[in-house]
Each structure stands twice: as C-alpha cells, then as structure tokens.
Amino acid sequence: MTETESAGRRIDTSRPHPARVYDWFLGGKDNYPVDEELGRRITSMQADAPRHARANRRFMERATRVVLRETGIRQFLDIGSGIPTEPNLHQIAQSVAPDARVVYVDNDPIVLAHAKALLHGTPEGATRYVQADAREPERILEGAASVLDFDRPVALSLIALLHFVADEDGAHELVDTLVDALTPGSCLVLSAMTADFDPENVRKGIAAYTASGVTLVARSHAEIGRFFKGLDLMEPGIVSLTDWHPSAGEDAEEGGPVSLYGAVGIKR
Ligand SMILES: C[S@@+](CC[C@H](N)C(=O)[O-])C[C@H]1O[C@@H](n2cnc3c(N)ncnc32)[C@H](O)[C@@H]1O
C-alpha cells in the first residue's frame with residue numbers, strides 16, 4: 001500500500017536547507033549551490049563532517065535492525081526523514097519484516113518532491129509520507145494513524161532532527177506529546193548533535209548554520225538525557241553514534257567519536 005499527501009510548497013534555492021546540506025555531505029545530487037556553499041564552509045572548519053553524516057545514516061540502519069530484532073516492533077514513525085537515501089528506513093525494516101509499516105514525515109518541500117522513492121515498499125507492508133512540521137505533533141499523529149496502529153508498539157525515530165529545534169521552539173514538548181501517544185513497549189530512537197567531543201569546531205559549525213538562517217543547537221549528554229525521561233535506555237545508553245552497537249567487519253566505523261549522540265529508549 002502506498003500513498004502520499006500533496007502540499008504545493010516551493011523549493012527555496014536562495015538559502016540553504018538542512019535536508020539538502022545533509023544530502024551534499026552524503027554525496028547526493030539533490031542539493032543546490034547555496035547548500036554546497038554551506039557544506040563546503042562547514043567542511044573547511046571540520047574536515048570530517050561528511051563522516052559524521054555517514055555515521056548518522058549508519059546509526060539509523062543499525063538502530064532500526066536492533067529495534068526489529070530485540071523488541072519485535074514492526075511499526076515506525078520517522079520524523080525528519082530527509083531526502084531519500086538508500087537504504088531507506090522502510091527498506092531496512094521490510095527486508096527483516098516484510099509486513100513492517102513506516103510513516104515518514106518532513107517539513108521540507110524537497111523531501112516531498114522526492115517522496116515517491118519512500119513509498120516503494122513490500123505489498124504486505126505499508127509506507128506513507130506526511131508533509132508536516134515536527135512542532136505540530138498532533139497533526140503528525142493524526143496523519144500517521146491511517147497506517148500505524150497506536151494501540152501497538154511503534155518505534156519513533158527522531159534521527160538528526162532535534163538539533164534543528166531549540167528548547168524554546170518546543171523540542172521537549174514535541175517529544176513528550178509523541179511519546180505520550182505511544183503504547184508501552186514502544187521506543188524512541190534518537191540522534192542529535194553535541195559539542196561534548198569537539199567544542200571548538202561544533203561552535204564554528206553552529207555559527208555558519210546560524211549565519212545562513214538555519215537554527216542549529218548542540219546538546220550535552222545530560223540535555224539529551226532529558227528527552228529519555230520515563231524511558232529505559234537500551235545498552236549502551238547515550239553514546240557517540242560510532243559507539244552504539246558498532247558495526248564489525250567491512251562496515252566497521254572509521255575514526256573516533258562523531259559530534260552526535262545516539263540512543264534508544266523503551267517505554268515501559
Ligand atoms: C540531517 S537530516 C536527517 C535525515 C534522516 N533522519 C537521517 O538521519 O538520515 C534532518 C531532516 O530533518 C528535517 N527537519 C528539520 N526541522 C524539521 C521540522 N521542524 N519538522 C520536520 N522536519 C524537519 C529536515 O528537512 C531534514 O530532512
């Protein structure tokens with residue numbers, strides 16, 4: 001089953017957008033000169049920024065597999081899903097559980113423009129794309145309810161999203177509203193930026209994003225921990241993405257810690 005929502009919003013190429021800058025870091029083609037310019041500025045200050053983006057993508061893949069294996073969850077709500085990049089979350093989930101149901105949400109018109117790629121799933125499963133802002137959690141829950149059964153556990157994925165939402169813009173309220181809507185046995189999968197490992201370069205990166213009109217916030221270990229209040233953290237807790245169930249063999253993570261924490265918490 002596939003469906004999408006339309007929203008005739010314009011792609012603004014006069015200023016960088018997080019989804020497109022991230023696509024540039026990942027070597028994608030769905031970005032514009034303004035996005036590349038900001039990406040290059042960040043990379044000139046923090047040469048391994050593309051490695052951090054790749055590590056984040058790989059965290060999404062590992063976390064999705066671990067959640068499927070260790071919790072049995074078969075429903076995913078992925079907010080801030082980004083421009084489709086293979087393997088997408090539903091491809092990972094449905095390769096393990098063909099009946100997995102996935103709802104993607106993003107607020108960027110470029111993601112909507114490419115959303116069809118997020119909807120080619122298995123016939124047994126379901127995927128849906130909802131164009132919405134994370135700061136409207138009730139709207140997201142309403143849109144997701146046509147595909148997800150909220151009486152059964154859901155994995156809420158907020159991967160590399162919350163550093164674009166400041167506390168004063170409702171970051172904690174949106175997480176609380178979404179987690180409150182989940183039944184026990186559900187989980188929160190989260191990655192978010194931190195300055196704990198590389199304060200100087202992260203500070204410069206934030207200044208570059210801010211100068212381009214993009215809100216970006218780094219959070220400490222304790223501040224990330226607040227998003228998990230009332231949830232039981234899976235081992236190994238809140239760690240650099242590279243240390244969260246690190247992959248072995250050819251896929252092993254290169255380099256040291258990255259400037260993003262990752263964690264999974266279970267609702268009891
Ligand atoms: C860095 S990308 C991460 C993409 C994907 N989750 C991943 O980790 O590979 C962040 C995404 O969050 C989206 N985003 C940022 N703020 C948002 C908001 N307030 N509501 C919905 N999406 C948002 C951006 O458009 C972008 O696609």
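**Exercise 1.** Which residue follows helix 3, and is its phi positive or negative?

*Solution.* Keep in mind that this is a predicted model. Start with the helix: helix 3 covers residues 49-71, which is 23 residues. From first C-alpha to last, helix 3 reaches 32 Å, close to the 33 Å expected at 1.5 Å a residue. Now step past its end. There you meet glycine 72, with a positive phi near 75 degrees.

**Exercise 2.** Find out which residues come nearest to the ligand, and how much of the ligand the protein covers.

*Solution.* Begin with the 18 residues around the ligand: Tyr22, Asn56, Arg57, Gly80 and Asp106 come nearest. Next, look at polar atoms. Tyrosine 22 has a polar side-chain atom 2.7 Å from an oxygen atom of the ligand, and aspartate 106 has one 2.6 Å from a ligand oxygen atom. Over at aspartate 133, a side-chain N or O atom sits 3.1 Å from a nitrogen atom of the ligand. Then check the cover: on its own the ligand has 600 Å² of accessible area, and the protein covers 96% of that. Helix 1 (18-25) and helix 3 are the elements that give two or more residues to this shell. Sorted by class, the shell has eight nonpolar, five polar and five charged residues.

**Exercise 3.** Work out which element gives the most to the largest nonpolar core.

*Solution.* First, the members: there are 37 residues in this core, and those touching the most other members include Val67, Phe76 and Trp244. Second, the elements: among those supplying at least two residues each are helix 3, helix 4 (89-96) and strand 9 (260-267). Helix 3 gives the most, with seven residues.

Terms used
Residues are numbered from 1 along each chain as its sequence is written. This is a predicted model: local features need pLDDT of at least 70, side-chain atom pairs count only at pLDDT 80 or more; totals for chains, interfaces and linings use all residues. Side-chain values use heavy atoms; hydrogens and water are left out. Helices (H or I, at least four residues) and strands (E, at least two) are DSSP runs, numbered from the N terminus. The expected span of a helix is 1.5 Å times one less than its number of residues. A residue is near a molecule or strand if one of its heavy atoms lies within 4 Å of it. A polar contact is a pair of N or O atoms within 3.5 Å; within protein, one must be able to donate a hydrogen and the other to accept it, and residues adjacent in sequence count only if both atoms are side-chain atoms. Accessible areas come from the Shrake-Rupley method with a 1.4 Å probe; for residues, only the protein chains shown count as cover. Ala, Val, Leu, Ile, Met, Phe, Trp, Tyr, Cys and Pro count as nonpolar, Asp, Glu, Lys and Arg as charged, and the others, Gly among them, as polar. A nonpolar core is a set of buried Ala, Val, Leu, Ile, Met, Phe, Trp, Tyr and Cys residues joined through side-chain atoms within 4.5 Å. Buried means under 20% relative accessible area, exposed over 50%, partly exposed in between (1.4 Å probe, protein chains only).
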